[in-house]
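My entries follow in the order in which I checked things.

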Amino acid sequence: MSRSAALTLRTVQLFVGLFLYGASTALQVRAVVGVSSWTVLTEGLEHVLPWSFGLITVVSSGVILLFWIPLRQRPGIGTLLNALAIGPSADLVLWLVPTPPELGGRILLFVAGTVLLAVATAFYIGAGFGTGARDGLMVGLHQRLGWPIWLARTLVEVTVVVVGWFLGGDVGAGTVVAAFVIGPMVQPLMPVFRRFPWSPDRAPRLEAHPATVTEPAPAP
């Protein structure tokens, strides 16, 4: 695969993953059974700031990046696009999707949003353009302290839930479920979405077998 084709497909993977991330957040909000940790924080900030859900998501991403400094994380183009794209996509899906009237429908919506959040996280990170501000904390703790991805994610999720709850965010049964299941769901998915032919992690493997390709593999 040519370098330009690989870069194009990685870019598509990034944008699809970011849109799905925002959509998954919106689905959890509409489920009204308790939202994921970062959404709890965003909803809590809505009580103290006169901004929309999406705008708070964008601005808070910039603030969270300050925590990257001690973790020695470096932002990439994916980090910037994450901060700019997830909020608007969440606002769009919030506008399109109503809250189901029945509890069963809301539970199904929450489950769909939670699964989609884990898939979207691994999907956009697998594109290799850098993590978003929030997921960078998880990756930074994993790389700097050697913690497993699931443990780093869970500790971050629980901490954010507590802060968001004090600010008035919506905490429910779904919040507890999301805080403890998203990390273990993301960890096995991470390598899956790094195995596409265009993935940067495939480059060393392609270069080791030059007879199978006609052009250099894309650089990570």
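Entry 1. I sorted the lining of the largest cavity by class and got six nonpolar, seven polar and three charged residues. I note that this is a predicted model. Two or more lining residues come from each of helix 1 (3-31), helix 2, helix 3, helix 5 (77-96) and helix 8. Helix 2 has the largest share, with four residues.

**Entry 2. The largest pocket.** I then turned to the open spaces. The largest pocket holds about 390 Å³. I counted 21 residues in its lining, with Gly128, Gly130, Thr131, Gln143 and Arg194 closest to the centre. Which helix gives the most to this lining? I found that helix 7, residues 133-145, does, with three residues. By class I have nine nonpolar, eight polar and four charged residues around this pocket.

**Entry 3. The second largest pocket.** For this one I noted a space of about 320 Å³. Its lining has 15 residues, and nearest the centre I find Trp38, Leu137, Val156, Thr159 and Val160. How many of the lining residues are charged? I found no charged residues here, against 13 nonpolar and two polar. Helix 2 (37-46), helix 3 (53-64), helix 7 and helix 8 (149-166) supply at least two lining residues each. Helix 8 gives the largest share, five residues.

**Entry 4. The core.** I looked up the largest nonpolar core and counted 48 residues in it. The residues with the most contacts inside this core are Leu14, Tyr21, Trp38, Tyr124, Leu137, Met138 and Val156. Helix 6 contributes the largest share, nine residues. I wrote down a general point beside this: in soluble globular proteins, nonpolar side chains tend to be buried together.

Leaving out residues up to four places away in sequence, I have Tyr21 touching Ile86, Leu117, Ala120, Thr121, Tyr124, Asp135 and Arg153.

Entry 5. I went back to Gly130, one of the residues closest to the centre of the largest pocket. Gly130 sits in the loop between helix 6 and helix 7. Is Gly130 buried or partly exposed? I class Gly130 as partly exposed because its relative accessible area is 22%, and the cut-off for buried is under 20%. Beyond four places in sequence, I find Gly130 in contact with Gly78, Thr79 and Tyr124.

Pro200 is in the loop between helix 9 (173-192) and helix 10. Its relative accessible area is 7%, so I count Pro200 as buried. Pro200 and Phe129 are 71 residues apart in sequence, and I get 9.4 Å between their C-alpha atoms.

I also checked backbone angles. Val32 is not a glycine, yet has a positive phi of about 55°. I place Val32 in the loop between helix 1 and helix 2, and at 44% relative accessibility Val32 is partly exposed. Arg72, also not a glycine, has a positive phi of about 55°. Arg72 lies in the loop between helix 4 (68-71) and helix 5. I list Arg72 as exposed, because its relative accessibility is 64%.

**Entry 6. Confidence.** I left pLDDT for last. The chain averages 85, and 91% of the residues score at least 70. Which elements have the highest and lowest mean pLDDT? I have helix 6 (residues 103-125) as the highest at 94, and helix 10 (residues 203-207) as the lowest at 43. Over residues 204-220 pLDDT stays under 50, and for that stretch the model has 16 contacts beyond four places in sequence. Where pLDDT is low, the predicted coordinates should not be read in detail.

Conventions:
Residues numbered from 1 in each chain as written. Predicted model: local features only at pLDDT ≥ 70, side-chain atom pairs only at ≥ 80, totals over all residues. Heavy atoms only, no water. 1 Å grid on protein atoms, 1.4 Å probe; cavity = no way out; pocket = protein on both sides within 12 Å on 5 of 7 lines; lining within 4 Å. Points joined across faces, edges and corners; volume = space filled by probe spheres on them. Nonpolar A, V, L, I, M, F, W, Y, C, P; charged D, E, K, R; others polar. pLDDT = per-residue confidence, 0-100. Contact = heavy atoms within 4.5 Å. Core = buried A, V, L, I, M, F, W, Y, C linked by side-chain atoms within 4.5 Å. Buried < 20%, exposed > 50% of the residue type's maximum accessible area, 1.4 Å probe, protein only.
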